[in-house]
Every structure is written in structure tokens, then in C-alpha cells.
Amino acid sequence: MADELTQESARREKRYQYEKRKRQDGIAARLKEAFENYGDYTIIAHETGIKKGDIRKYTQGETLPSLAVFALLVEVCGLDAEYVLIGKGEEVPEQVFE
């Protein structure tokens, strides 16, 4: 009985980690698309005060921005937060920066 619970717990944890990674990869891909449409990462870093390396980490799925940083990126880049987070809503605007 204990082994079954341990195995079930391990399966649930694996599933949770898989779903978490899948969500994170989707967010990273949508952020990358948005940032590429907006302009160079250097421009985004300058306009937001966020380190260029951190922006790159967000687009590679290494880490997710905090809520405050995410809100700043959404505002500065003119993004739809719902689209970035779950893929629904208004897609990334075309070439915002000129």
C-alpha cells in the first residue's frame, strides 16, 4: 500500500513538472515572439530597466519574470497578458517599434 502511494505521488510530481515546463515553454515562446517584433533586446532592456541577460532568460524558458516585471514588459511592449500567459486573446502586435 505504501509503495503504491509513493509511486502515485511520484507520477503526480512528474506530471506536474511536465505541465509546468510546458506552460513555461509556451510563455517563453510567446515572449520571444513579442520581443522580436518589438525590437532588439537592448532596446527593451533600456526602456524597462531590465537586464538584457534576464530578458534572454525569459525567452529561453530558463526562468519566468516576476509578476511586477511581467506587468512592466506587457505595458512597455504593448502586449496582451492573457495571450502571453495562456495563448488566448490578442496575438503579439506586428513590429511595434520603428
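Modeller: A word on terms before we start. Helices here are DSSP runs of H or I, at least four residues long, numbered from the N terminus. By that numbering, α4 is followed by Gly78, whose phi is positive, near 65 degrees. Keep in mind that this is a predicted model.

Biologist: Fine. How many helices and strands are there?

Modeller: The protein has 5 helices and 0 strands. Along the sequence the pattern reads α-α-α-α-α.

Biologist: What share of the residues is buried?

Modeller: Of the 98 residues, 31% count as buried.

Biologist: And the contacts, what share of them joins residues at least 24 apart?

Modeller: Take contacts between residues at least 6 apart in sequence. Of these, 55% join residues at least 24 apart.

Biologist: Start with α1. Where does Ala28 sit, and is it buried or exposed?

Modeller: Ala28 lies in helix α1, which covers residues 2-38. Ala28 counts as buried because its relative accessibility is 3%, and the cut-off for buried is under 20%.

Biologist: What does Ala28 touch, residues up to four places away aside?

Modeller: Ala28 touches Tyr58, Thr59, Gln60 and Gly61. Pro65 is 37 residues from Ala28 in sequence, and their C-alpha atoms are 10.0 Å apart.

Biologist: Tyr58 and Thr59 bring up α3. Which residues of α3 are buried?

Modeller: Helix α3 runs over residues 52-60, and its buried residues are Ile55, Tyr58 and Thr59. They sit on the same side of α3, because they cover an arc of only 95 degrees around the axis.

Biologist: Why would residues three or four places apart point the same way?

Modeller: An α-helix has 3.6 residues a turn, so residues at that spacing point the same way.

Biologist: What comes just after α3?

Modeller: Gly61 does, with a positive phi of about 75 degrees.

Biologist: Switch to α2. What happens at its start?

Modeller: A side-chain oxygen of Asp40 reaches to within 2.6 Å of the backbone nitrogen of Thr42 there.

Biologist: And which residue follows α2?

Modeller: Gly49 follows α2, and its phi is positive, near 80 degrees.

Biologist: Which α2 residues are buried?

Modeller: Tyr41, Ile44, Ala45 and Thr48 are. They fall within an arc of 100 degrees seen down the axis, so they line one face of α2.

Biologist: What is Thr48 in contact with, leaving aside neighbours within four places?

Modeller: Leu72, Leu73 and Val76.

Biologist: Back to α2 against α3. How do their axes cross?

Modeller: The two axes come within 9 Å and cross at roughly 115 degrees. The crossing of α2 past α3 is right-handed.

Biologist: Which residues meet there?

Modeller: From α2, Tyr41, Thr42, Ile44 and Ala45. From α3, Lys52, Ile55, Arg56 and Thr59. The residues of this contact divide into 4 nonpolar, 2 polar and 2 charged.

Biologist: On to α4. Which residues are buried, and which are exposed?

Modeller: Val69, Phe70, Leu73, Val74 and Cys77 are buried in α4. Their arc around the axis is only 135 degrees, which puts them on the same side of α4. On the other side, Leu67, Ala68 and Glu75 are exposed.

Biologist: Give me a bit more on Val74.

Modeller: Val74 is in helix α4. Val74 is buried, with a relative accessible area of 15%. Leaving aside neighbours within four places, Val74 is in contact with Leu79 and Ala81. The C-alpha atoms of Val74 and Leu31 are separated by 9.5 Å, and the two residues are 43 apart along the chain.

Biologist: And Leu79, where is that one, and is it buried or exposed?

Modeller: Leu79 is in the loop between α4 (67-77) and α5 (81-86). Leu79 counts as buried, at 10% relative accessibility.

Biologist: How far is Leu79 from Ala34?

Modeller: In sequence, 45 residues. In space, 7.4 Å from C-alpha to C-alpha.

Notes
Residues numbered from 1 in each chain as written. Predicted model: local features only at pLDDT ≥ 70, side-chain atom pairs only at ≥ 80, totals over all residues. Heavy atoms only, no water. Buried < 20%, exposed > 50% of the residue type's maximum accessible area, 1.4 Å probe, protein only. Helix = DSSP H or I, 4+ residues; strand = E, 2+ residues; numbered from the N terminus. Arc of directions from axis to C-beta. Contact = heavy atoms within 4.5 Å. Axes fitted to C-alpha atoms, helices over the stretch in contact; angles between N-to-C directions. Left-handed = near helix turned anticlockwise from the far one by under 90°. Nonpolar A, V, L, I, M, F, W, Y, C, P; charged D, E, K, R; others polar. Polar contact = N/O pair within 3.5 Å; in protein donor to acceptor, adjacent residues only side chain to side chain.
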